[in-house]
Amino acid sequence: MTSEPALPGEPGAVPDVAALAKVVARQRAEMDRLQDLAAASAVIERAKGVLMALTGCSPEAAHEMLLQRARNAGHSLMEECWITLGTLVPSPGPTADSPAPGATTGSPAPGAEAGDGSPARSHRTATGTAGGEGASGTGGGRPAAGSGPSTGSGPSADAGPGAGADRDDKPAGDATGTAGTARRAESGTAAGKGTAAEAVAAEGRTGAGAGTVPVAEDGTATPADVTSTAARTGAPAEGTGSAGVGSAAGTGSATPADARGAGTGAEGAGTGTGPGGRADAGAGAGTGAAADEGRAWAVTAALLEEEDESAVLAVIGLGLARVGTPDDLARCLHEHLAGPVGAAAVMVYRRLPAGGMALMGHSGVGDTLAAQWRHVPPLSGVAALDVLGSGQALWLEHHESDSKRYLLIGDATGRWPSRAWLPVLSGGSADVAIGVLRERRGAFTPRERELLQAVARLCAGRMRAFLARGERFEGGADDERVHALFAAMPGATTLLTPLRSPSGQVEDYRVDAATAATVDVVGRSGRELVGLRVLECWPAVAEEPVWQGWLRTLTTGEPYESEPYAQQELSSGGRELSTYSVRAARMGDCLVVTWLRQDSSDRQEQRLADLQRLGRLGWATWNLRTREAAWSSHVYALLDRDPAHGPLRLEELADLAVPEDAPALAEAARELVTEGKPFDVPFRVRTGAGTRHLRLVAETVADRRGSPAEILGFVQDLTAQRSAELALVESERAMLAQHGVLRAERMLAGRLQHALLPLPRRAVRLAGLRVDLAYLPAQVGINVGGDWFSAIELADGDALFVVGDVAGHGIDAVATMAQLRFTAKGMIITGSSLTGALSRLNTLLLHSGENHRTATMVLARYKRAEHLLVWAQAGHPPPLLLRRGEPRYLERPHGVLLGAARAPVYEEGQVRLEPGDRLLLYTDGLVERPGEIIERGLDRLAAAAAAHGTDAAGSLTPLLSAVLEGDRRDDVCVLDVRVPHDPS
């Protein structure tokens with residue numbers, strides 16, 4: 001912008017009005033020129049973004065493609081950009097309900113909105129009235145030369161793009177324009193026909209509207225910002241219109257170039273004024289009303305279902321062309337990706353120069369959650385940081401495993417079980433990551449992944465614009481004199497400028513100057529901090545009262561000083577705890593913040609006192625020249641001596657010790673005084689509170705000639721430590737004794753168990769069946785379990801199989817096991833039924849006195865003549881039958897745990913065994929594992945049995961090896977019953 005200084009006139013002189021008018025006119029012309037350049041640049045960038053989305057090319061390649069198309073078609077670059085924007089979505093053919101091809105719809109006039117469309121000229125407005133059934137539209141496509149009445153056709157939902165092309169051989173006043181040309185004479189009328197979106201035409205809405213259209217000085221309408229694509233998708237459409245066909249007539253009137261539209265819209269009628277008036281094609285008619293963007297996701301989802309991904313990207317590209325902030329971009333992506341990929345939230349992060357990330361924009365995420373995750377430090381295990389580092393998309397589709405591997409941003413409850421993090425590449429690297437969070441589980445389909453990656457490429461241009469804006473310092477801190485002043489200041493002081501959100505809230509502070517003594521958490525100091533954010537340098541300050549104090553100072557102007565607080569800092573190569581307070585004062589719109597260290601001699605004395613109290617010790621000195629001594633108050637308390645009596649000499653300390661410790665203490669004191677030999681001697685003293693265990697450490701300080709001149713030492717109370725050591729010794733002795741008792745008990749129980757459960761060394765034959773037995777004791781703990789088995793042949797030629805498990809371990813469990821094992825066999829041998837035996841065994845356990853226990857059991861009787869297995873169970877896992885290689889568990893008859901109920905009901909089950917069948921009876925130690933449901937163990941056993949179904953001898957061993965892993969916590973007992981293929 002250019003300007004000329006206005007020279008002061010003579011006192012009392014009349015101002016030169018003509019000169020002032022010339023200056024104002026030149027300024028306005030320069031402003032219009034700059035606005036035209038900005039608007040033209042915005043249109044070119046939009047068209048480039050569309051080509052990038054459709055072809056996946058780079059920004060440079062998209063620009064070259066537009067230039068080539070313009071040269072081939074004989075268009076200017078701006079005309080080609082408008083044609084590209086007007087032909088984003090191929091229109092469907094005409095239907096029975098749609099008007100004839102060639103009709104046009106009212107299209108927006110972006111020139112009414114400076115910097116967001118076509119050049120914003122000094123406009124005159126054509127005011128028209130539309131009536132009748134159908135759509136009346138104002139506003140045209142790209143500019144076309146000519147004057148006088150004319151008929152124009154442009155892109156619509158039915159006519160398709162480029163319904164007509166500019167021809168030089170057309171007569172003036174009757175030219176047909178591409179992309180919707182509209183002209184008007186100085187006092188002429190414009191008429192045209194057009195169609196609205198298909199959905200509106202199908203509904204048959206009618207209405208009438210009135211509005212205004214910006215017209216350039218030369219009589220041509222300004223370029224349309226949104227074409228038929230906007231009508232098809234339901235996006236906002238600049239201009240005025242109603243569904244159907246109509247006509248418009250008007251006369252020109254001068255209006256400001258930046259006038260904004262205002263009006264009302266209804267189902268059948270609407271009014272609006274101003275070149276920026278908007279109409280919602282899906283709602284009938286109206287100007288100045290915002291479009292129904294809530295339907296954007298439905299439209300993009302429908303396009304994706306039609307496998308028209310290019311159209312989806314085109315719709316999103318149009319939406320991105322209107323965003324002005326990162327939050328707008330996040331909302332745009334959220335609205336358009338909700339349908340196609342199920343996006344429930346969108347988060348946009350940028351990389352910070354010092355590491356970590358900052359949240360640029362978000363949608364679908366609450367403000368509280370966004371504030372918590374606004375700054376992410378450079379931690380490992382953050383998916384978005386990994387994406388920024390690798391430049392590759394990351395798909396988090398399994399919440400349980402992803403939550404173990406990554407720190408999931410904004411989620412600790414599984415609200416978004418699947419999410420995608422996409423890098424926005426620029427120049428081969430990624431400085432921005434976009435997160436798409438979904439509330440549904442499952443993986444992203446290949447089409448969804450391809451769409452999201454294309455959207456990330458589409459956002460690259462807008463992101464570069466956001467990042468290029470930066471934040472310039474406005475104030476005096478950029479002056480070298482300010483930096484020189486801060487460099488010369490002592491202490492830790494910074495000049496902070498508040499950074500505010502669009503709503504005016506302070507989000508952070510920028511460091512504009514800092515003294516050399518100001519150090520952040522990673523060690524940066526002085527000018528290294530200039531330009532950084534406070535939350536980057538001191539992240540914890542946002543959670544402290546200091547933050548609120550700064551805000552009060554900014555608001556009220558009153559200085560602020562915090563309460564003293566402790567802080568770790570680097571000092572002499574190590575960390576030291578220091579006490580600070582913070583002061584803040586307002587200077588213009590900035591804050592001057594100073595950190596004051598509170599250390600003093602009183603503080604040092606307090607530290608020494610705290611050290612003696614916490615360490616239960618006290619210091620003492622003895623001057624060998626003057627024979628003077630000095631003790632701290634803690635030494636008097638430890639030795640139970642009245643301070644009024646004064647300190648003792650070093651050689652007199654032995655008199656306070658118990659007789660057993662006095663000689664060693666006296667000898668150490670003598671060697672220290674005569675030979676300068678330091679000592680560390682424990683001793684005991686008797687006090688009113690009992691015997692106290694103390695420790696005396698002392699050394700000499702020599703004079704210039706090397707002779708001992710002073711003795712420095714301290715006395716420490718070790719009573720608590722000695723008591724703990726004695727208690728530990730006693731505990732160890734008790735543990736050793738208990739361990740010996742348990743080992744003896746285990747040995748006895750083991751011998752008893754082996755005596756009660758003799759294991760055959762090979763398979764046995766019972767009632768024509770081959771039976772393998774296996775018993776594996778637990779490998780964890782020293783107690784013996786109560787698992788047992790029985791396999792005998794009865795007098796009538798049948799076979800009896802029993803497997804059981806007594807709850808608990810040790811001698812009592814083994815005794816109960818023996819009782820149940822022999823009683824069960826005796827009952828069956830004497831003619832009792834299986835269910836009757838279980839009922840009597842239950843009664844036996846209920847009346848077993850103090851050692852009452854519970855047990856599980858399976859009783860099975862094989863009737864050889866009928867090849868029938870009859871069985872009953874009491875709370876035990878079911879037997880596994882393997883027939884022709886297919887495993888299945890027998891259906892359990894009713895039966896509850898032995899010893900758990902007074903009147904239980906037990907039932908029998910039957911299964912006929914065939915040659916080649918294999919039956920496994922087992923205890924729960926074979927299928928149970930800690931932290932796992934038993935069904936999983938049963939499935940594991942069935943699979944292993946099917947895989948190891950050989951009839952060879954010793955085949956039970958590989959089966960057990962496949963099922964059992966690691967250390968066994970319980971005993972395992974297995975009966976492997978096989979029916980031979982040859983019954984003989």
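The dialogue below turns to the chain, then a helix, then the cysteines.

Reply: This is a predicted model, in which local features need pLDDT of at least 70 and side-chain atom pairs count only at pLDDT 80 or more, while totals for chains, interfaces and linings use all residues. Residues are numbered from 1 along each chain as its sequence is written, and side-chain values use heavy atoms, with hydrogens and water left out.

Me: How many of the 984 residues count as buried, as a percentage?

Reply: Buried means under 20% relative accessible area and exposed over 50%, with partly exposed in between (1.4 Å probe, protein chains only); here 46% of the 984 residues count as buried.

Me: Which residues of α16 are buried, and where do they lie around the axis?

Reply: Helices are DSSP runs of H or I with at least four residues, numbered from the N terminus, and α16 covers residues 545-556. Its buried residues are Val546, Trp547, Gly549, Trp550, Thr553 and Leu554.

Me: How many disulfides are found, and why is Cys459 without a bond?

Reply: A disulfide is a covalent bond between the sulfur atoms of two cysteines, taken here as a pair of cysteine sulfur atoms within 2.5 Å. The search of the whole structure finds zero. For Cys459, the closest cysteine sulfur, in Cys332, is 7.7 Å away, too far for a bond; Cys459 is also buried, at 0% relative accessible area.

Key. Helix = DSSP H or I, 4+ residues; strand = E, 2+ residues; numbered from the N terminus. Expected span 1.5 Å × (residues − 1).
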